[in-house]
Amino acid sequence: MEKVKVGIIGPGNIGLDLLYKLGRSEYLTPELIVNVRPSKGIDYANKMGIRTSTEGVDAILKEEDIKIVFDCTSASAHFVHAPLLKDSGKFVLDLTPAAVGPYCVPAVNMTEDLLNLDNVNLVTCAGQATVPIVAAINQAADVSYAEIVSSISSKSAGPGTRKNIDEFTVTTARALREVGGADDSKVIIVLNPAEPPIFMRNTIYTKVKNPDIEKIKEAVDNMVKKIKEYVPGYELLLEPIIQGDVVTTMMQVEGLGDYLPVYSGNLDIINAAAVNIAENYAKKLMGGVEVV
Amino acid sequence: MSKIFLTDTTLRDGSHTVSHQFTIDDIKNVAKALDEAGIDIIELGHGDGLTGSTINYGFSKYSDYDLIKAASSVIKNAKLAVLLIPGIGTVEDLVKAKECGATAVRVATHCTEADISEQHIRAAKEMGLFTVGFLMMAHLTDVDRLVEEALKMESYGADVVYATDSAGAMLPKDVTEKITALRKNLKIPVGHHSHNNLGVAISNSLAAIEAGATYIDGSLSGLGAGAGNTSTDTLVAVLNRMNIDHNADLYKTMDASSKALVPALQSKGLHPHTNLDALMIGYSGVYSSFLLHAKRAAERFNVDVRDVLLELGRRKAVGGQEDWIIEVASNLAKNR
């Protein structure tokens, strides 16, 4: 069966990394990557043998064959792109903080219904890494408050994240409530410039109403297995421990080293999640392939 | 030498020392005393800044907004500052802080990550806040990079940029080197915030001033994370001795320590680091062993020990003349 054609808007770190991940997919093929002007990213994609355009979203809108679009630009750009892409009937994975559509964290809330929508948002890298753990603990122990501390290497935080760090924390905190199920939430992000660069690392604190640590551990273990299916480098550094009603869990993401080196696990996890959703959408298009 | 503007961070960096348990009354008493002492900027709130009250850093007894309102109700002249660390607090939190009475903000990032402060510095300036860029852990990067990052904060609109020695790891020569470079490259004033972990906080503050910094941080009795900050009380005494211009009153700054801060600390089972009587020994230049004798005499004649020591200094008493102390104290009592 022919692979489903995919368009990418924005040849930055995220967009270029996606080219590698899509290139390996059984169901998807990267057809076109676009920018609004010539750039190093466009040159890079050309060298990889990928078709490029500097006409922005219009170039993608012209191509009916492209069924799935990854938007890796900025929130303000996505607000412009979203209605155009919707009119053209393409399925959109929004990797910006715009969140025109609902949040999706595949290990937690990927459903048939979600794949019937035209636009889903990928939250943030910290959200993809931590929301599943909060969701697992919430199911086992009812989380009243979730707090995460996400440390990422300076080298893997691109200019978009840096310019809009408030959107990053606010969006992640919202997803901890809306997808993770916490009643209240707080997000802290720390950039660390140490060399060699640190791996992405997340500490997840939760206040729980039913502090049954064995049940919590089991739920977290099962969730980690589920995430590892699409993010192989996802590892627990500290399995859940409890003091009073506060559960502490720590995890690290080692990237696959596709476009950026392995320390960019943050980039890996959001892209892996996006590709996972896109593959499930592609299977649906191909007809009858079961959603996993 | 240029006039020095003092920022006191007893109620913010010192919040670490009391595990963020300052009460509304603590805040009111200390803020009022600092304002009356002529401190230019009073910083307050959770040690990790707006919304720092978390599992990770420890929960505050009162929200920063309640503390800002309390301080705002007693401050007449000083600017009331909050700390905002991008990645922890947001512009929205800063808007709320301003509504509660904050008039200044220090936007703090790791010394190599100034670009994450752009949205906050720009927003703060739009709100009309006095805005300080705070480059933390400045010992961890080299001079060129520090200048590059400071220039970014200047370009976003910061009114002042600090080289902040968050780890108390810098030596006076490091401070001289970094502040000199910042002064040379920036149009806006430069500041320094020290910690006394290596026992050189005051030396570092002086090195900063000599290199051209005009904004210097301190805290009453040197309260603050780790070994604490430069003691504001000591700094004011030293600046007086150096004839450097500033707006603070020495006795009133010391009173802010002993009458406002010390009771707040004692109520939490804590004690200050700085010996204010010993500070006066150094300030007035008298023999160190006079300390206990002067305290006893001041108590006996019901006079201020600081006046006793100042007078002994004026008379150029030398080692061995402990007998003069009684005469000075009794004279002060008579001439009252």
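Q: What makes the sheet E1-E2-E3-E4-E5-E6-E7-E8 of chain B a closed barrel, and how are its strands paired?
A: In this predicted model, eight strands of chain B run E1-E2-E3-E4-E5-E6-E7-E8 as a closed barrel with parallel pairing, where a strand is a DSSP run of E with at least two residues and a helix a run of H or I with at least four, both numbered from the N terminus. Neighbouring strands of this sheet are turned against each other by 25° on average, direction ignored.

Q: How do you know that strand E6 of chain B pairs with strand E7 of chain B?
A: Two strands pair if DSSP finds at least two bridges between them, and four bridges join E6 (residues 160–164) of chain B to E7 (residues 190–193) of chain B, so the two count as paired. They run parallel, and B:Val161 has B:Val190 in E7(B) as its bridge partner.

Q: Why are helices H12(B) and H13(B) called oblique to each other?
A: Helix H12 (residues 290–301) and helix H13 (residues 305–314) of chain B pack at an angle of about 125°, with their axes 9 Å apart; the axes are lines fitted to C-alpha atoms over the stretch in contact, and angles run from 0 to 180 degrees between N-to-C directions. Angles under 35 degrees count as roughly parallel, over 145 as roughly antiparallel, 65 to 115 as roughly perpendicular and the rest as oblique, and H12(B) and H13(B) are therefore oblique.

Q: Which residues make the contact of H12(B) with H13(B), and how do they divide by class?
A: B:Phe290, B:Ala294, B:Lys295, B:Ala297 and B:Ala298 of H12(B) meet B:Val305, B:Val308, B:Leu309 and B:Leu312 of H13(B), contact requiring C-beta atoms, placed from the backbone, within 7 Å. They divide into eight nonpolar, no polar and one charged, where Ala, Val, Leu, Ile, Met, Phe, Trp, Tyr, Cys and Pro count as nonpolar, Asp, Glu, Lys and Arg as charged, and the others, Gly among them, as polar.

Q: How many residues of chain A and chain B are in contact, and which element of chain A gives the most?
A: 18 residues of chain A are in contact with 15 residues of chain B, and E8(A) gives the most to the side of chain A that touches chain B, with five residues. By class, that side of chain A has ten nonpolar, three polar and five charged residues.

Q: How are the residues and chains labelled, and which pLDDT limits apply?
A: Residues are numbered from 1 along each chain as its sequence is written, while chains are lettered from A and ligands numbered from 1 in the order in which they are written. Because the model is predicted, local features need pLDDT of at least 70 and side-chain atom pairs count only at pLDDT 80 or more, whereas totals for chains, interfaces and linings use all residues.

Terms used
Two residues are in contact if their C-beta atoms, placed from the backbone, lie within 7 Å.
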